[in-house]
Each structure stands twice: as structure tokens, then as C-alpha cells.
Amino acid sequence: MTYQETVQWMFSQLPMYQRQGQSAFKKDLSNTIALANHLNHPEHYFKSIHVAGTNGKGSTSHMLASILQEAGYKVGLYTSPHLKDFRERIRINGAEISETFVTDFIASNEAFLAEQKLSFFEMTVGMAFDYFKEEQVDIAVIEVGLGGRLDSTNIITPEVSVITNIGLDHTQFLGTTLPEIASEKGGIIKAKIPVVIGETQEDTEAVFLKIAQSQESKIVFADQTISKTYPSDLIGTYQEKNIKTVLQTVEEMRLLGYAISEAQVKKGLLNVIKNTGLQGRWQVLQEQPKVVCDTGHNKEGLQEVMKQLQLESFEVLHMVFGVVSDKDVSTILPLLPKQAIYYFCKPDVPRGMPAKDLQASFIASGFKGDVYNSVNEAYKSALLHAKSDDFIYVGGSTFVVAEII
């Protein structure tokens, strides 16, 4: 198979949570463990940092990878989802995995993958770990896909575990309260491995302390210990929380013997995009009118993004907006500006919420806006209607952002 055919096979043959939702979610690690056995346990051949959390885990992972690169390490980076190309998920020192490795991995293991009925995410984790082993990375930053305890990435024993924060997202899998979700994400805390928690939250602090105590693991809350912050090329006031999480994680790495200077930390934070290729975090696409896209999509994420939006000055706000169908729109409506003109659209994935349904929820709550046949049509219409001193925001879902960058 060609690279495109290989990726198509991965997408179509097997369940993929990002596209399908609940039907693709697996409730245990048996498949991942079977794949690890089949591949001779590649996860044992490299050091790692494991990053979970409701919001900020992607930015935090990329910042850590950038700093470690600046410190001279060969750094693997595994994240999800991708925006444009599958290969964005698996990188070494910012360079995406080769098309050849992707096609060879699937070709060599296709019979096993099909027979085991492995999910898209499970096989991708196996591929990433196999690649990092083959390429002999010094350390890999591994972002959790969903939750923690039952996530396919949770077969690693990292140098440090990191949990950024806890919000009400993916409640159909992880629980309907913050303590329940915290206990799922806290499943990445391993025996005697230090854990950094990004944000102290009243509902979750005791949960993390209890898990860490039971695992005899050192636990540090970054917002309680880090008072300084450094600038980053990842714009957005909400990144300050992630930067504190990263600085505390670097402290833990230093205690383990990693040589990371303060100058390398500063340089790493200033060059995240260049070093790692991260996109879609308060990304400015053009000026006059200013266009910004952001992948924030749940209540907590959008809350932070809307705070950032309030710091901008403009005449009229245009919002190109789409969500996935399992999104409880009522939780995000109170956060969004009513005075904006909305351009409702459906992201081009099976999980996308029909634009008419989205519009109905918004109109019922006093918003105004029209329905468009696609994200691109909505975006083009916003560009057409916006004057040079207006502001266009594109978001609501990672998939909406993916279609316009």
C-alpha cells in the first residue's frame, strides 16, 4: 500500500475515537499489552515523560519537548489528534515520522493488527513506541489520548508523570464529577515515580494526594511551588499555567540528573512552534482583519480562550464555530459572546454536529448567525463580511481548526 492507502486503511478498518466517538473507546489495556508483546516491548527501550490532563496537555507536551531539544537531547514526541497529516502525531526533534516507517510498520504487522481488531489509537501508540525504540531517542514526551488509567499510552513507566488539570470533558467515559475524572487521569501515577500536578483544584487535590500516597510517589502542585514565568511563542494568557507546570517538571528532571540550563528552558519556551511544529493554539492566521484559530473545545478550554479574546480590540467580532455531536452545547453557551456574528458549520467528520442543530441551540439562547455547508464556506463568508478592524475567531473543535490552517 502507498502511504495514503495505509493511512486510509488505519482510518477505515478500525475504530477511531476522534472520528466516531464512544463506539471506538476500549475499556481495558489488553489489546495494547498484546501489541507490546508482539513488538517485543519497545516501551522498555526509551525514557519518557507522561502527560495527562483535560486542557493544556498538548501545549505542555510540546513545551517540554522543545526545552529538552534545546538541552541537546534526542526527543520523541507523541501527541493526538493531528490537524492535517497523521504523521504530526509522531515526531523526533520536531521532524515527523517518515511515510516509509508508517507503511512498513502496517505492512509488517497488518495480519496481527486486523486479527486483534486493534483500534486506530492502539496501533498508533504501538507504531510510535516502535519508532522511538528504532531511532534510539534519549527521551520521549508521551501525551495521553483520553483519560489515563485505561489509555493505551499507560503501559510506560515514565521518569515523571504530569497532570495539567481536570475539567468535565469526555464524561461518558471518565465519570461525571471532577473527582471521578481525576481518579481516571490519576491512573498514570506510577509507584515511586514523581508526579507534577499543574493546577490545585478543590475537588481533585485530595484524589491526587491519596493516589500518590498509595503509590509512594512524590507529588508536587506546580501552581503552589512555581512563582516565576517565562515568555513563550505560544501566545495566550492561558499558557502561563502550562508554563508553570513545565517549569516544575523540568525541576523534577534535573533532580533525576538531566542537564537542563535556565537558558535552555527560556530558549525552548520561545521556540516551541519552530522546534516541534505545534499549531492551533491561539494561532494568528492574518492581520486586518485579524484572524485567530484555537483548538480549545470544552468548557474550561473555551473559558481561557474567551478571556484571551477579551484582551483584543476590534469593531465587530465574527465567530466561525462548529462542534462535535457529543458536545453538551449548554455548557459552553454562557462563555461565548452574544454580540458576535456567528457562522455555524459542521466539521467534516462523522462525529460533527449538524450546523442547523448547533444554530438552533444558539438562537434559542439569543445568539445570531447563519448556517453554512462547510467550515471553509463559513470561513470564506466571514472573511468576505469582516472589515479590516474587525476580528475573526475560528474554533469550537479541533476539526474546525484543521480545515482552515
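Contact is taken here to mean heavy atoms within 4.5 Å. On that basis, among contacts in the protein chain between residues at least 6 apart in sequence, 75% join residues at least 24 apart. The structure is a predicted model, in which local features need pLDDT of at least 70 and side-chain atom pairs count only at pLDDT 80 or more, whereas totals for chains, interfaces and linings use all residues. Residues are numbered from 1 along each chain as its sequence is written, and side-chain values use heavy atoms, with hydrogens and water left out.

Along its principal axes the C-alpha trace spans about 55 × 50 × 40 Å. Of the 405 residues, 59% are buried (under 20% relative accessible area, with a 1.4 Å probe and protein chains only). The accessible area, from the Shrake-Rupley method with a 1.4 Å probe, comes to about 16,300 Å², of which carbon and sulfur atoms supply 48%.

The protein chain contains 17 helices and 14 strands, these being DSSP runs numbered from the N terminus (helices H or I, at least four residues; strands E, at least two). Strands are said to pair if DSSP finds at least two bridges between them. Strand β6 (residues 160-163) is joined by four bridges to β1 (residues 47-52), in the parallel sense, with isoleucine 49 opposite valine 160. Strand β6 also runs parallel to β7 (residues 195-197), through three bridges, and here valine 162 stands opposite valine 196. In a regular strand the side chains alternate between the two faces of the sheet.

A six-stranded open sheet of mixed pairing has the order β9-β10-β14-β11-β12-β13. Its edge strands, β9 (283-286) and β13 (368-371), each pair on one side only. Neighbouring strands are turned by 25 degrees against each other on average, direction ignored, where axes are lines fitted to C-alpha atoms, for helices over the stretch in contact, and angles run from 0 to 180 degrees between N-to-C directions. Within this sheet, β11 (residues 317-321) and β12 (residues 341-344) pair in the parallel sense over four bridges, and valine 320 stands opposite tyrosine 343. Helix α15 (residues 355-364) lies across β11, β12 and β13, at about 170 degrees to β13.

Note on methods
Buried means under 20% relative accessible area, exposed over 50%, partly exposed in between (1.4 Å probe, protein chains only).
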